[in-house]
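Here is a short report on a single chain. Look at the sequence and the model first, then read on.

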Amino acid sequence: MLWAGYWIACVRDPRPPVEGLFQNFLMAIPLLAVWVRPQWPDLPALAGALYVGCFEMGLTFVLWVSALRLTRHAARISRLIFLSPPLSLMLIAAVLGEPIQWQTWAGLALILGGVWVGRQQVAET
């Protein structure tokens, strides 16, 4: 609920997307430092957090918000996020060699089916 609320609030944010995200992450750093102060992470954990912050949270969000602001059809862009599960499954199977259970395939079918139904509804309007 917090995540959805954040993105709904960001839609009405008048700041440029990159500036807004930077300021939001910048404000979170002192709060995070207070929260983890009793157990400050070691260097490998800090390096991992820096990687996640810069690439998985920073760069990808900048690209995502920029795409949403530049498009005339946000629903079309928003559906792209649902391509992440199939891509992740392919990477997990190929790189890690992990077997994919039938329940995962069933869930993936539901996700892709929902995307297809949504696309059909948008196409009709």
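Of the 125 residues of the chain, 11% count as buried. Buried here means under 20% relative accessible area. This is a predicted model, and the figures below are computed from it.

**Surface and charge.** The accessible surface of the chain comes to about 10,200 Å². Carbon and sulfur atoms account for 73% of that surface. The chain carries 8 positive and 6 negative charges.

The chain has six helices and zero strands. Read along the sequence, the pattern is α-α-α-α-α-α. The radius of gyration is 18 Å, whereas the globule rule gives 14 Å for 125 residues, so the chain is more spread out than a compact globule. Along its principal axes, the C-alpha trace spans about 50 × 45 × 25 Å.

**Contacts.** Take the contacts between residues at least 6 apart in sequence. Of these, 56% join residues at least 24 apart.

**Annotated region.** UniProt, in an unreviewed entry, lists residues 2-117 as "domain: EamA". The table describes that stretch in the model.

| Property of residues 2-117 | Value |
|---|---|
| Helix content | 79% |
| Strand content | 0% |
| Distance between end C-alpha atoms | 27 Å |

How many helices and strands does the chain have? The count is six helices and zero strands. Over residues 2-117, the helix share is 79%.

Methods: Residues numbered from 1 in each chain as written. Predicted model: local features only at pLDDT ≥ 70, side-chain atom pairs only at ≥ 80, totals over all residues. Heavy atoms only, no water. Helix = DSSP H or I, 4+ residues; strand = E, 2+ residues; numbered from the N terminus. Rg over C-alpha atoms; globule rule 2.2 N^0.38 Å. Buried < 20%, exposed > 50% of the residue type's maximum accessible area, 1.4 Å probe, protein only. Contact = heavy atoms within 4.5 Å. Areas by Shrake-Rupley, 256 points an atom, 1.4 Å probe, with all protein chains shown as cover. Lys, Arg positive; Asp, Glu negative; His and termini not counted. Charge placed at Lys NZ, Arg CZ, Asp CG, Glu CD. UniProt positions renumbered as here; feature names shortened; annotations may be inferred.
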